[in-house]
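Trainee: I've just opened this one and could use a quick tour. Where do we start?

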Number of protein chains: 2
Amino acid sequence: MSLRSEIADQPAVAARLIDQGSPAIDAIATRLAGRIASGEIRYVLIAARGTSDHAAIYAQYLFGQRLRLPVALAAPSLISLYRTELQLGGALVIGISQSGRSPDIVETVAAGRRQGAPTIAITNDPASDLAAAAEDVIDLGAGPELAVAATKTYTAELLAIALLVTALRDALGEHAAAVADRAAIDALPPVLTAALDTEAAARDLAARVADRNRLIVVGRGYGYATARELALKAKELARLSADPYSAADFLHGPLALVEPGFPLILIRLSGDAAADMDDLQARLGELGVERIVISDRAADVDAAEAGLVYPRGLPEWLLPIVSIVPGQLFAMHLAIARGIDPEEPRWLRKVTLTR
Amino acid sequence: MSLRSEIADQPAVAARLIDQGSPAIDAIATRLAGRIASGEIRYVLIAARGTSDHAAIYAQYLFGQRLRLPVALAAPSLISLYRTELQLGGALVIGISQSGRSPDIVETVAAGRRQGAPTIAITNDPASDLAAAAEDVIDLGAGPELAVAATKTYTAELLAIALLVTALRDALGEHAAAVADRAAIDALPPVLTAALDTEAAARDLAARVADRNRLIVVGRGYGYATARELALKAKELARLSADPYSAADFLHGPLALVEPGFPLILIRLSGDAAADMDDLQARLGELGVERIVISDRAADVDAAEAGLVYPRGLPEWLLPIVSIVPGQLFAMHLAIARGIDPEEPRWLRKVTLTR
């Protein structure tokens, strides 16, 4: 089973990326820092699709919170469909793609480079078109990913972004803060290993919800990327209609969907988003919703109808890399419980060549 | 019924905004054009939630295609949750909110203004906090919107963006193109009136799918905003689990959900996205999907299992303002067919004060 082994491989992939990827990432940061400090780089534009788009959402929070840099998520069809090349002056252009082969992502990065904007490819294939198009390449080095559903390349993409932002912070003169952040990153691999221990509980939870045909997943702040990615895994692997929301947008309409007994997954992380999620969890309880909580705090899960507890101890900004692991295991076991082979999602190909 | 009358009011709201809103919008464009031409404004940052976020998606395509300006959709929780004020140098900051009362949207615009960035509020309440926070205000002038589900303020937001981009194009020296675009906008109100004639067909379509509990809505390019907004209306009004996708992202995973007899709505617009949508419509037919097509081309609907035809004749970039109208009518009748009062979506309030 390549899916299960790729999920289990994530601690080793992370350790390798931290160890072997850091010198290249530090060098990129050193080159870019002056262009940020001078105001030449005003914002970040990221082109990505599918799972990689969820890594882009993580980048939006991390670049924003750590470097105060706004992040725009590109609409790649502007270039592929409407043949419009955006004016990318002032942008740092980043393309994120496991395969590096999505033509619209490649074209967006190539346009940035043609215009003289700094460009970075984050990819698992340093020989790909995307890597060739970009001035700088961050090689995820995750090894071949054979399962159609991306798992280890997703957490590697998040980690690459965390390393890049931390290196930029250092290069921009926030040395002490960067050292503390880097120490937190170095502590990540064993936490990922411990997160794999949620498998038995994830299998039990999957058995509990296997007969449902719709599910809502809600996250807030740094938890939003995990909500998006878990919903996508549930769809690809278990063919369950799973709808992701930020907690704020959820209150703007989709709340009307819920009713007593309706299953709703809350992605929870210790930190600044916790108080709002406490309120939402309590309100959903009053409405009789079946709350399934994925959290690093056992008390959150104890206060809900069901859930999974992943290891605590990391700062909020790193928890997206860990909180998806129980979600991956849950989605895989949900597929198995529904009699579906999670290795071969129907109708899908590993590489989708969207124009 | 305020919802039905607000839907029916859209042609009059559009005519009034074109007539009475244009002078203010033209004046804003004249002031901003020099700052765009000089490179002071490098990109647009839009803060919006819920339905207004779908207007922001429309803006992403229109600013991109017409002015080559990248658009970043803000993550308002960066400021409200993580107390991070982004560096907004180089940005034109736009806040979009019907009520003008969402604190996180107001704070994002206020931050832009404090930093000296040009700021615009697009709102239906020129006395709101959002209007006070922004340097410039575009008053939608849509009259009171009493139904919880936004309809006439959504199409007014789209139209305000179309007027602003067209005025900017003119002020930037593309006079002939702007005159042609403006003539297309002037032709909009009677097309909106004709779009209301889809109501009987929308009621029949609602009866056909009333017993379903999940639905997928797919759009591409300029059709994506309509897919998002129709899915939200189906959720708020009819409590149907409706999942929206861009056609490109849909092929990256969610395609695994479909099976013979599964209902899927395709939002179709004549123009550059049509060829890709032809391919997708044909592929879904091979998979036995029940294709429900909303299009300005009768042939698209004839080639599907069911659908709605809205009036043709407008250019693709204006069709998002029209293509949502049959969707609003469909969602309203879907609620009624499911025995739900569309005037009072449960658990929701008209104004959601997300921090």
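Mentor: Start with one definition: copies are superposed by least squares on the C-alpha atoms of residues with pLDDT of at least 70 in both. Keep in mind that this is a predicted model.

Trainee: OK. What rotation superposes chain A on chain B?

Mentor: A rotation of 180°, with 0.0 Å of shift along its axis. The RMSD is 0.0 Å. That is the relation of a two-fold axis.

Trainee: Which residue of chain A comes closest to the rotation axis?

Mentor: A:Ala72 does, with its C-alpha at 2.0 Å.

Trainee: What about salt bridges between chain A and chain B, how many?

Mentor: Four. One joins the side chains of A:Asp243 and B:Lys235, at 3.2 Å from N to O. Side chains of opposite charge can pair when their charged atoms come close.

Trainee: How many residue pairs are in polar contact between chain A and chain B?

Mentor: There are 18, counting pairs with both residues at pLDDT 80 or more.

Trainee: Switching to rings. How many aromatic pairs over all chains?

Mentor: A search of the whole structure finds 11. In one of them, the ring centres of A:Tyr43 and B:Tyr43 are 4.1 Å apart and the planes sit at 25°, so the pair is stacked. This pair crosses between chains, from strand 1 of chain A to strand 1 of chain B.

Trainee: Back to charges. How many salt bridges over all chains?

Mentor: The whole structure has 50. Among them, the side chains of A:Lys233 and A:Glu229 meet at 3.0 Å, N to O.

Trainee: Where do A:Lys233 and A:Glu229 lie?

Mentor: Both are in helix 11 of chain A. They are four residues apart, about one turn of the helix.

Key. Residues are numbered from 1 along each chain as its sequence is written. Chains are lettered from A and ligands numbered from 1 in the order in which they are written. Side-chain values use heavy atoms; hydrogens and water are left out. A polar contact is a pair of N or O atoms within 3.5 Å; within protein, one must be able to donate a hydrogen and the other to accept it, and residues adjacent in sequence count only if both atoms are side-chain atoms. Rings of Phe, Tyr and Trp (its six-membered ring) pair if their centres lie within 6.5 Å; planes under 30 degrees apart count as stacked, over 60 as edge-to-face and the rest as tilted. Helices (H or I, at least four residues) and strands (E, at least two) are DSSP runs, numbered from the N terminus.
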